[in-house]
Amino acid sequence: MNDSAGLTLTTTAMILGTIAMLAAGQVLFKYAATTLDFGNLRSFFSVSLIAALAIYAFATLAWLAVLARVPLSTAFPFYGLGFILVPLLSVLILGEKFRYSTMVGGIIIMIGVIVSTREW
């Protein structure tokens, strides 16, 4: 394992792609949840739920590829971007209500990601 490697354009793109897949999976999970009937097992075979699970499986493999190249302590702070991307997608795709507090929190998270991934 190459734990001494820093962030490159390729590894940064891999991390951001993984976070984007996880955010897309969350939107699909929410969409699938609106049609789930826990008394009817057939409802668990919806296209949206299967797609969300497949995206999460692929994102897990992508994350393993990232961790083979970058220290966990460098890569993991990027997960915070999901706290920005998921609410943004929920507003744009699911029509959920926009909240200014989420935007302020997102800005704070962005600052944290930048600070924690810098090499001082």
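Biologist: What does Glu 96 count as, going by relative accessibility?
Modeller: Glu 96 counts as partly exposed, because its relative accessibility is 34%. Buried means under 20% relative accessible area and exposed means over 50%, with partly exposed in between, using a 1.4 Å probe and protein chains only.

Biologist: What kind of model is this, and how are residues numbered?
Modeller: This is a predicted model, with residues numbered from 1 along each chain as its sequence is written. Local features need pLDDT of at least 70 and side-chain atom pairs count only at pLDDT 80 or more, while totals for chains, interfaces and linings use all residues; side-chain values use heavy atoms, leaving out hydrogens and water.

Biologist: Back to Glu 96. Where is it found?
Modeller: Glu 96 sits in the loop between α4 and α5. Helices are DSSP runs of H or I with at least four residues, strands are runs of E with at least two, and both are numbered from the N terminus.

Biologist: And what is Glu 96 in contact with, beyond its neighbours within four places in sequence?
Modeller: Lys 30, Ser 90 and Val 91. Contact means heavy atoms within 4.5 Å.

Biologist: Zooming out, how many helices and strands does the chain have?
Modeller: There are 5 helices and 0 strands. The pattern along the sequence is α-α-α-α-α.

Biologist: What does the C-alpha trace span?
Modeller: About 55 × 35 × 20 Å along its principal axes. The chain has 120 residues, and 27% of them are buried. Of the contacts between residues at least 6 apart in sequence, 73% join residues at least 24 apart.

Biologist: How do α1 and α2 pack?
Modeller: Their angle is about 160 degrees and the axes are 8 Å apart. That makes α1 roughly antiparallel to α2. The axes are lines fitted to C-alpha atoms, for helices over the stretch in contact, and the angles run from 0 to 180 degrees between N-to-C directions. Under 35 degrees counts as roughly parallel, over 145 as roughly antiparallel, 65 to 115 as roughly perpendicular, and the rest as oblique.

Biologist: Which hand is the crossing of α1 and α2?
Modeller: Left-handed. A crossing is left-handed if the near helix is turned anticlockwise from the far one by less than a right angle, and right-handed if clockwise.

Biologist: What residue classes are in the contact of α1 with α2?
Modeller: 20 nonpolar, 4 polar and no charged residues. Ala, Val, Leu, Ile, Met, Phe, Trp, Tyr, Cys and Pro count as nonpolar, Asp, Glu, Lys and Arg as charged, and the others, Gly among them, as polar.

Biologist: What does Met 14 touch, not counting residues up to four places away in sequence?
Modeller: Ala 62, Ala 65, Val 66 and Arg 69. Met 14 lies in α1 and counts as partly exposed, because its relative accessibility is 24%. Met 14 and Trp 63 are 49 residues apart in sequence and 7.9 Å apart in space, C-alpha to C-alpha.

Biologist: Ser 46 next. Where does it lie?
Modeller: Ser 46 is in the loop between α1 (9-33) and α2 (47-67). At 16% relative accessibility, it counts as buried. Leaving aside neighbours within four places in sequence, Ser 46 is in contact with Ala 32 and Thr 35.

Biologist: Which residues of α4 are buried?
Modeller: Gly 82, Leu 89 and Ser 90. Down the axis of α4, its buried residues fall within an arc of 105 degrees, so they line one face of the helix. The arc is that of the directions from the helix axis to the C-beta atoms.

Biologist: What do the buried residues of α4 pack against?
Modeller: They pack against α1. The face of α4 turned away from its buried side carries Phe 83 and Leu 92, which are exposed.

Biologist: At what angle do α1 and α4 pack?
Modeller: About 40 degrees, with their axes 9 Å apart. That makes α1 oblique to α4. The crossing is right-handed.

Biologist: And α4 with α5, what angle there?
Modeller: α4 (residues 82-92) and α5 (residues 100-117) pack at about 150 degrees, axes 9 Å apart, and are therefore roughly antiparallel. In this contact, Phe 83, Ile 84 and Pro 87 of α4 meet Thr 102, Gly 106, Ile 109 and Met 110 of α5. These residues divide into 5 nonpolar, 2 polar and no charged.
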